[in-house]
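Welcome! Try each task before you read its solution.

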Amino acid sequence: SYPPEDVARMKALMVEAYGIALKAGEPFAGRAKRYLSAFETFIAEAEAIWDGYKDRPALVHAEKKAYYRPSTDTINIPELSEFDSSEEYYSTLFHEASHSTGAKKRLDRLTDDWFGSENYGREELVAEIASQILCQSVGITKTLENSAAYCASWAKAIRATKAQAFVNACASASKASDYILGVKQEDCVKK
């Protein structure tokens, strides 16, 4: 089942979010069916990204917090029903998946002590920017404003350590999203 906010938004977003024109005389059930089809398409595309992520880490729903654990190569995120919307669920999944691309067997971006280290802010930027690249590729735009604020806070935090950090994070985010998508994967792997 869909999170409550998704169901409540169904009527209001039919035209606005997915450009579904209302046809004169069409019963609401027909409009809702067309909207649901578009909505399920974005979910199917988001799932296809996850399913297509070769050598992806294990995904578990053991706790009500989201994180990537390099030592076990595991992503934990809450169940879909714990999120306000499907968009937020997939944005979070893509964020944690982006962290996982930093594992030694993937792009080798994470250090053993990356959590809480000086590079943590940079890694948060990488994961969030990559997450939004993936979200945009399936039409998830609802999370963009929060994501921009999150990136701005980390950019400000790391500015004192390295002026070039944001540009470097963007480049790494591009590699991370390409890796997840399987785009030019051989060019993304550290040599």
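The model is a predicted one.

**Exercise 1.** Find how many helices and strands the protein has, and in which order they run.

*Solution.* Start with the count: there are seven helices and three strands. Then walk along from the N terminus, where the order reads α-α-β-β-β-α-α-α-α-α.

**Exercise 2.** What share of the residues of the protein counts as buried?

*Solution.* A residue is buried if its relative accessible area is under 20%. By that cut-off, 43% of the 191 residues are buried. Now turn to helix α3, where 14 of the 15 residues are buried, leaving the helix mostly covered.

**Exercise 3.** Check the span of helix α3 (residues 86-100) against what its 15 residues should give.

*Solution.* The expected span is 1.5 Å times one less than the number of residues. For α3 that should come to 21 Å. The end C-alpha atoms of α3 are 21 Å apart, so the two values agree.

**Exercise 4.** Work out how helices α4 (residues 120-138) and α6 (residues 165-181) cross.

*Solution.* First, their axes come within 8 Å and cross at roughly 50 degrees. That angle makes α4 oblique to α6. Next, the residues in contact include Leu125, Ile129 and Ile133 of α4, with Ala169, Ala173 and Ile180 among those of α6. Finally, the handedness: α4 passes α6 in a right-handed crossing.

Methods: Residues are numbered from 1 along each chain as its sequence is written. This is a predicted model: local features need pLDDT of at least 70, side-chain atom pairs count only at pLDDT 80 or more; totals for chains, interfaces and linings use all residues. Side-chain values use heavy atoms; hydrogens and water are left out. Helices (H or I, at least four residues) and strands (E, at least two) are DSSP runs, numbered from the N terminus. Buried means under 20% relative accessible area, exposed over 50%, partly exposed in between (1.4 Å probe, protein chains only). Axes are lines fitted to C-alpha atoms, for helices over the stretch in contact, and angles run from 0 to 180 degrees between N-to-C directions. Angles under 35 degrees count as roughly parallel, over 145 as roughly antiparallel, 65 to 115 as roughly perpendicular and the rest as oblique. A crossing is left-handed if the near helix is turned anticlockwise from the far one by less than a right angle, and right-handed if clockwise. Contact means heavy atoms within 4.5 Å.
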